[in-house]
Structures are given as C-alpha cells and as structure tokens.
Amino acid sequence: MTIDLCVWDRCNNKCLMCTNPDRPWPAWDGSFDYSFEAIIGRLEKNRKKIKAAESIYLTGGEPTLHPRFLDIFRYLAKTFPAQRIKLLTNGRRFIYRDFAEKFLAVTNNLEIDMSLCGPESAVHDGVTRAAGSFEQAAKGLRIILENRRPGQEIGVRTVLNKATFRHIGGTLRLLRDKFQDLDRVIVIFMEFEAQAIKNIDLVKINYAQARPYLDEAGPILKDFKDIRFYHFPLCTVAKNIWPYVWRTLPAKEVSFVRACGKCGYKKLCSGIHKGYLKSVGREDFFPVKEKIGMELSGDFYRPINNILPAGDVVIL
Ligand code: SF4
C-alpha cells in the first residue's frame, strides 16, 4: 500500500492534461490548510496507518515549492524510516544545486519521478504553459542524477496527449542519449479528467493515433534499464511492447467493452480507463485471438516478461 500525501495544491506549471482539479482542493481530511503544522498534524493522526504502508508518495501541486518542503521531507524520513519516500515533481526547483544537495542528503530511501513532456522547449513548454520549464526540468534532472546517492532511484514520466504523442520517439531518444543513468522511464497514456477535460480540444487523442509513433519508437525500448507503459490495453500496442505494459489503474476506474469477451488476453490486460470510454469512445479495442508465445511473470502489475518466438505458445 502507498500513502499519497498531497503536500499542497500550488504549482508553477499549468499542464494542459493535469489530473488535478482547479485550486483550491482539500487534503485527505477535508482541510484546505497546507501549512507545515497542519501537514504534520495530519501525518501524526495517521502514524499507525502510514507505518503499515510500503511507501509514501509526495504529490501536489508541485511539492518542492512548499516553503517548508525540506522540513516536511526530513520529518517523513525520520518518522517513517521503513517507508520508501517517492516524489512526483516537475523538477524545476532542482536547478538550485544547494536545494538539490540538501534534499538528496536527507535519506537514501528515496525515489524521484520527474515529468517531461517532450524532447524540446517548444513541445514541453507548450504543455506546461510555463516558459523556460523545459530548460529547468532538463537541468534539474541532470543535477539530481549527478548528485544522487546509493539507493536513490530517479525516473522520468512522459504523458502522451495531442501535443506530445508525435514526439514520443524524440523524447525517448533524448532520455536514452542524454540521461543514460536514469533508473526508469514511464510512458503514460493521458487520463481524461480534470484539466484534460477543460482542455479537451488541445489534448484529446485516441490509441490508434498514438500507435504508429510507438511502433516507430519500439526498437529503442530495449536500450532502457526499465521502461514502462501505463494505461495501455494490450490490443492498443504492438506485441513487442507487451512486456513493458503495466497495470496500475485501480479496478474501479477501468472497464472492458463487449469485444473483450472474445479476447484471449483479457486476464493479462489492464482494461480501459472509464474516462477514455466516456471522452473518446469504445471503438478502439479489438479482441486478440491469435496464440502468442509468452513468458508470464506472475506479477499482477507487469504480467508479461517476454514474447517468445512463434511456436513456444503458452496457453492462458
Ligand atoms: S480486446 Fe479488451 S481485453 Fe483484449 S487487449 Fe483489448 S482491451 Fe484488453
């Protein structure tokens, strides 16, 4: 179990497809108070529950911009040493080397996932609607990679939407070539909620549009230590991508269409996000009927280890 901790609701980006609602929004206890004291009070009240969790996920808004972010982080590391602390960030504050060094010195029990929306300013800043955010994110990423300590894992997340999907090959090549020491890269198909609904004309795509660009990027996937695809039903990507497909959406947020009943791989499929069915439609899903050789992992979240050569068929 992961505990999500919204550090606060402010951000210096205004991403077109942000899954947060308009500000202000409340913390888990309904309070709109994100002061240091309120956050610590919230955590203390839930101390037992948090100690039973595997990890604490720091989100926002942009967590690193909170004026007491380092104090909150130090409290978490000291109070919950057994829990892995994960930070989701736009990375911009890490251009300040002294801040990055202080942050990374707190605990080695840390994972950072940074958002990158494209391979260059024109694409990234178009999504974040914040001039200079690409330069800052790229520089911040370089600084944390250079200064990280043993055990600290650094990853990048990139979300496919109308403004970014044509650039996925370029984004992956940039990450492979300029940030080789990344621990993981996560490619996410956009979710249709919150800001994405407000900006629907600017962000809406379907799986069929994205597929040729993912096919083109396919050969470089093997160059990454760990690359993951989130929110991709299996029939929406080529089979060589199946081993990288993860199931991360909660069961209550996904559904299947009638065609899925005839699909041989439903048991391994993430299902379709309900927001997609509502905003895009039910037409993009086709039952996979051929027998495909594969090695299964036994892991619910990443069910397929490998696609095997024709002939080595595993019956599901
Ligand atoms: S047809 Fe349905 S079950 Fe099969 S891969 Fe597509 S979405 Fe998943």
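Select Met114 first: its bridge partner is Val156, in β5. This is a predicted model, where local features need pLDDT of at least 70, side-chain atom pairs count only at pLDDT 80 or more, and totals for chains, interfaces and linings use all residues. Residues are numbered from 1 along each chain as its sequence is written.

Now show β4 and β5. Five bridges join them, and they run parallel. Strands (E, at least two residues) and helices (H or I, at least four) are DSSP runs numbered from the N terminus.

Widen to the sheet. Eight strands form it, open and parallel, in the order β1-β2-β3-β4-β5-β6-β7-β8. β1 (2–6) and β8 (245–246) are the edge strands, each pairing on one side only. Pairing takes at least two DSSP bridges between two strands.

Next, select α6, residues 133–147. Its buried residues include Phe134, Leu141 and Ile144. Buried means 20 or more other C-beta atoms within 10 Å of a residue's own, exposed 12 or fewer, and partly exposed in between, with C-beta atoms placed from the backbone. The buried residues of α6 pack against α4 (97–104), β4 (110–115), α5 (121–128) and β5 (153–160). Contact here means C-beta atoms, placed from the backbone, within 7 Å.

Move to α7, residues 168–178, and pick the buried Thr171, Leu172 and Leu175. Down the axis of α7, its buried residues fall within an arc of 95°, so they line one face. The arc is taken over directions from the helix axis to the C-beta atoms. Their cover includes β5, β6 (184–189) and α10 (207–217). Exposed Asp177 and Lys178 sit on the face turned away from the buried side of α7.

Conventions:
Expected span 1.5 Å × (residues − 1). Contact = placed C-beta atoms within 7 Å.
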